[in-house]
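The structure goes in first.

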Amino acid sequence: MVPDFLTIAEASTLIGKRELSPVELTESRLTRIERLDGKLHSFIRVLREPALAAARAAEAEIMAGNRRGPLHGIPIGLKDIYETKGVPTTGHSKVLIDHVPQRDATSVRRLTEAGAIVLGKLATHEFALGGPSFDLPWPPARNPWDTSRFTGGSSSGTGAAVAAGLVLGGTGSDTGGSIRGPAALCGLAGLKPSYGRISRTGILPLAFSLDHAGPMTWTAEDCAIMLQAMAGHDPADPASADVPVPDYRAALSGDVKGLRIGLIRHFYDDDNRAEEATRQGIAAAVKVFENLGCSVRELRLSPLADWAACGVMIMLSEAYAIHQATLRERFGDYGEMFRDRMALAALVTGGDYVQAVRRRRELAAEFATAMADLDLALTAAAPGVAPAIDAVGKFATFERPMLTMPFNVTGTPAMSVCCGYSVAGLPLSFQLAGKPFEEATVLRAAHAYEKATPWRSAHPRLDH
Amino acid sequence: MTRAEVETALARAGLEVPERERQEIAAVAHFIEEMAERVRGKRAMGAEPAHIFPPPGA
């Protein structure tokens with residue numbers, strides 16, 4: 001009997017010892033999807049037969065002594081903005097309901113070449129922006145910790161599917177927080193790497209200069225395993241960085257002694273005041289890092305609203321440019337949430353878009369200067385626990401400045417880390433951010449924190 | 001931003017927005033104005049944007 005919850009690292013160890021077969025593991029997840037996804041709606045397309053065929057092929061290769069690495073035989077899911085050859089990739093939208101790509105996204109190809117088994121395509125907010133929406137061809141994903149609650153977005157299906165143990169890992173994308181938000185609300189480890197670290201080729205764009213692809217998993221170690229496969233230069237992506245890819249898993253030494261952490265308290269104390277439980281969780285996390293030998297000092301940056309305004313103005317403008325022609329022709333085919341946010345984008349002038357891009361240079365320089373004598377920054381990832389799914393307003397993005405947007409503006413790596421649970425049993429989280437291309441430091445700190453705390457042993461109870 | 005300004009912008013964009021949604025958009029248009037005000041600021045004439053164009057092969 002395969003356990004309901006396994007990390008990628010755990011399953012990989014068992015597969016390596018030939019105590020677990022990829023076919024057995026894949027079948028167990030498909031059974032779990034069949035049993036549970038009717039109330040979670042995390043998948044919009046399950047690829048049962050292709051997944052089983054891939055699992056059988058993986059098993060044969062492994063039995064023949066040709067194991068490719070830690071992802072070989074591991075079931076994952078793909079946010080449905082990652083293009084998949086011959087399999088519809090819709091962006092969760094009626095607008096692309098018949099879109100069947102001719103190629104895999106570069107990151108999908110890299111994952112499957114590493115041996116990952118794709119179980120299917122996962123729910124997203126429409127084109128990674130409009131959600132949670134109830135007027136799309138598929139319903140919005142629901143939070144496994146409480147199915148009346150929001151998953152966060154836009155990588156909503158990935159958040160739900162990983163938390164529920166339907167897949168062992170999944171892909172997300174993050175333009176203003178779309179990996180870290182659902183990771184925070186669903187209790188996952190979600191990493192937005194540096195801009196340029198993972199190819200965007202074959203991923204439906206939201207905003208070219210802010211879009212980041214990345215992994216969402218149960219642990220930091222699993223993020224490291226997925227990042228290892230996904231990262232690397234891609235000449236087909238003009239933003240792809242031609243920089244070395246280190247051994248991320250090897251960096252998880254457990255030793256974080258001497259790391260210097262800047263605590264951006266004003267973001268969640270003043271600028272977008274977080275709930276008491278979140279602030280207490282972060283205070284406790286700071287103590288954990290201090291006990292592990294890190295030094296923590298306050299870090300003050302420009303007001304969060306400045307970062308959010310800069311990022312949102314750029315995001316709206318770039319997204320609007322992408323959808324402008326289709327919005328004119330098929331406005332009613334988009335969900336109301338997406339189309340009305342885009343209509344709001346029509347109010348942004350060209351001049352103000354350029355001012356936002358000029359502001360971006362200033363803010364990125366400010367962060368680089370502030371981090372000169374620090375290794376990491378720590379702040380909130382979300383202002384509180386998951387709200388009710390029907391309480392998320394159409395323009396909620398604009399009402400309070402997003403805690404995740406600063407690190408899209410800077411393009412630097414940032415990660416959501418679970419730091420406990422509320423009285424109601426909902427996940428709490430914080431955010432760790434690093435210097436450009438220093439994902440290994442972010443992962444090392446997150447991994448050490450997870451090992452020092454009990455939070456990774458709790459899972460949603462779904463079978464009642 | 002007045003309702004008339006919002007209507008003009010939507011008309012120029014060529015978007016066929018239903019009346020109820022137009023009202024809702026007009027009601028939150030102030031968010032765009034507030035964000036625009038935040039990104040304008042005072043800066044030197046030569047302050048560069050984050051976007052620069054690297055010629056292919058550079």
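This is a predicted model: local features need pLDDT of at least 70, side-chain atom pairs count only at pLDDT 80 or more; totals for chains, interfaces and linings use all residues.

Entry one: α2(A) and α3(A). I looked up which residues meet. From α2(A) come Pro22(A), Val23(A), Thr26(A) and Leu30(A). In α3(A) they meet Arg48(A), Ala51(A), Leu52(A), Ala55(A), Arg56(A), Ala58(A) and Glu59(A). I sorted the residues of this contact by class and got 7 nonpolar, 1 polar and 3 charged. Then I took the geometry. Helix α2 (residues 22-40) and helix α3 (residues 48-63) of chain A pack at about 160 degrees, and their axes lie 8 Å apart. The angle makes α2(A) roughly antiparallel to α3(A), since angles over 145 degrees count as such.

Entry two: α10(A) and α11(A). Helix α10 of chain A spans residues 304-330 and helix α11 of chain A spans residues 336-345. I read an angle of about 110 degrees, with the axes 9 Å apart. The two helices, α10(A) and α11(A), are therefore roughly perpendicular. Their crossing is left-handed. On α10(A) I listed Leu316(A), Ser317(A), Ala319(A), Tyr320(A), His323(A) and Leu327(A). Their partners in α11(A) are Arg339(A), Met342(A), Leu344(A) and Ala345(A). By class I have 7 nonpolar, 2 polar and 1 charged.

How many residues does each chain give to the contact? Chain B gives 28 and chain A gives 30. On the chain B side, α1 (3-13) and α2 (19-40) are the elements that give two or more residues. The largest share of that side, 12 residues, comes from α2(B). By class, I find 18 nonpolar, 3 polar and 7 charged residues on the side of chain B that touches chain A.

Key: Residues are numbered from 1 along each chain as its sequence is written. Chains are lettered from A and ligands numbered from 1 in the order in which they are written. Axes are lines fitted to C-alpha atoms, for helices over the stretch in contact, and angles run from 0 to 180 degrees between N-to-C directions. Helices (H or I, at least four residues) and strands (E, at least two) are DSSP runs, numbered from the N terminus. Angles under 35 degrees count as roughly parallel, over 145 as roughly antiparallel, 65 to 115 as roughly perpendicular and the rest as oblique. Two residues are in contact if their C-beta atoms, placed from the backbone, lie within 7 Å. Ala, Val, Leu, Ile, Met, Phe, Trp, Tyr, Cys and Pro count as nonpolar, Asp, Glu, Lys and Arg as charged, and the others, Gly among them, as polar. A crossing is left-handed if the near helix is turned anticlockwise from the far one by less than a right angle, and right-handed if clockwise.
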